[in-house]
Amino acid sequence: MSTTFQLDTSTSRANPTPQPMKRLTVPKIRARKTDGQSGEPLVMLTAYTARQAQLLDEHCDLLLVGDSLGQVIYGLPSTIPVTLDMMANHAAAVVRGSYHAVVVVDMPFGSYEASKEQAFESAARLLKESNAAAVKLEGGEAMAETVAFLSGRGIPVMGHVGLTPQAVNSLGGYGARGRSDAEAEKIVGDAKALDEAGAFAVVVEGVVEPIAIEVTNAISCPTIGIGASAKCDGQVLVTEDMLGMFERVPRFVKRYENIAKTISQTVARYADEVRSRSFPSSDQTYQPKS
Ligand code: KIV
């Protein structure tokens with residue numbers, strides 16, 4: 001049974017009264033780049049909850065339910081322990097909270113690498129349980145056959161090359177990729193293989209700028225950069241990083257706000273009022289009817 005249903009916005013606490021707006025589609029995203037030329041850059045952010053999706057949706061072309069939720073939401077040390085259950089539940093919440101952006105859900109580590117059949121089973125489960133439109137998986141040439149298998153069976157796939165966090169144990173860390181000729185050649189080859197296999201877009205993460213530009217010029221589908229180049233066909237960031245929720249973020253993150261400070265100051269005011277018994281006041285208490 002699908003867990004997805006429309007929010008009752010007339011009664012819900014989260015009441016953004018969304019404007020009726022047709023949801024974008026994967027073919028429309030793919031068509032933003034034609035004959036090697038892209039129009040307006042694609043805007044993508046991560047989202048993990050319904051309320052977050054409601055706030056981001058009208059500004060974004062794509063919402064990514066990233067497996068970065070392992071670190072951001074669950075406090076895990078990496079994305080490796082993230083499960084299909086976690087991804088399906090958060091993706092369903094994001095779909096419920098959005099009506100405009102294409103929702104893409106990350107396939108977690110261990111759910112797709114063994115075989116194309118395993119990948120289909122996992123991806124189908126994610127889409128059935130969440131109603132998201134597409135999946136994202138990490139890896140290049142080694143994943144091309146899987147990408148073709150899924151794409152040919154009705155599952156749109158976004159690729160992810162360069163710094164691929166699920167491979168942290170093989171890469172030895174989260175440093176930028178593409179500094180050596182061999183590494184650069186591999187990244188370009190990986191992106192081309194995914195494009196030829198039918199990926200509708202490719203995330204290019206943590207690579208030196210000339211390689212991000214070379215990849216963008218070399219493939220027919222849009223590239224979405226993160227720590228890559230403004231010349232990519234779109235950009236993505238982890239929302240909590242760009243809002244300033246964390247002290248430590250990668251160098252490529254621009255912090256547009258300092259939400260952590262706002263939250264801390266607000267909670268300090270609440271704590272003071274509770275301790276001084278000035279909250280709740282008469283505005284927030286019920287009295288018997290006279
Ligand atoms: O999991 C994630 O949030 C991602 C983005 C950083 C691209 O894969």
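Reader: Is Phe149 buried or exposed?

Author: This is a predicted model, and the values are computed from it. The relative accessible area of Phe149 is 15%. The cut-off for burial is under 20%, so Phe149 counts as buried.

Reader: Which class does Phe120 fall into, with its relative accessibility of 29%?

Author: Buried means under 20% and exposed means over 50%. Because the value for Phe120 is 29%, it lies between these limits. Phe120 therefore counts as partly exposed.

Reader: What kind of aromatic pair do Phe120 and Phe149 form?

Author: A search of the whole structure finds 2 aromatic pairs. In the pair of Phe120 and Phe149, the rings are 6.4 Å apart centre to centre, with 90° between the planes. Planes over 60 degrees apart count as edge-to-face, so this pair is edge-to-face.

Reader: Which residue has its charged end over the ring of Phe149?

Author: The ring of Phe149 also takes part in the pair with Phe120. A charged end sits over this ring, 3.6 Å from its centre. That end belongs to Arg153.

Reader: Which residues of strand β4 are buried?

Author: Strand β4 covers residues 62-65, and both of its faces are covered.

Reader: What is the hand of the crossover from β3 to β4?

Author: Strand β3 (residues 42-46) pairs with β4 in the parallel sense over 3 bridges, and Met44 has Leu62 as its bridge partner in β4. Between the two strands the chain passes through helix α2 (residues 50-56). This β-α-β crossover is right-handed.

Reader: Which residue in β5 is the bridge partner of Val65?

Author: Strand β5 (residues 102-106) runs parallel to β4, and 4 bridges join them. In β5, the partner of Val65 is Val105.

Reader: Which residue of β10 stands opposite Ile224?

Author: β10 pairs in the parallel sense with strand β9 (residues 223-226) over 2 bridges. β10 also pairs with β3, in the parallel sense, over 4 bridges. In that pairing, Leu42 has Gly234 as its bridge partner. The residue opposite Ile224 is Gly234.

Reader: Which residues are closest to the centre of the largest pocket?

Author: The largest pocket has a volume of about 1,100 Å³. α3, β8 and β10 each supply at least two residues of its lining. Of the 39 lining residues, the closest to the centre are Leu163, Glu205, Asp241, Pro250 and Phe252.

Key
Residues are numbered from 1 along each chain as its sequence is written. This is a predicted model: local features need pLDDT of at least 70, side-chain atom pairs count only at pLDDT 80 or more; totals for chains, interfaces and linings use all residues. Side-chain values use heavy atoms; hydrogens and water are left out. Buried means under 20% relative accessible area, exposed over 50%, partly exposed in between (1.4 Å probe, protein chains only). Two strands pair if DSSP finds at least two bridges between them. A crossover is right-handed if, with the strands pointing away from the viewer, the path from the first strand over the helix to the second runs clockwise. Rings of Phe, Tyr and Trp (its six-membered ring) pair if their centres lie within 6.5 Å; planes under 30 degrees apart count as stacked, over 60 as edge-to-face and the rest as tilted. A charge sits over a ring if NZ of Lys or CZ of Arg is within 6 Å of the ring centre and within 35 degrees of the ring normal. On a 1 Å grid over the protein atoms alone, a cavity is a set of points where a 1.4 Å probe fits but cannot get out, and a pocket is an open set with protein on both sides within 12 Å along at least five of seven lines; lining residues have an atom within 4 Å of a point. Grid points are joined across faces, edges and corners, and a volume is the space filled by probe spheres set on the points.
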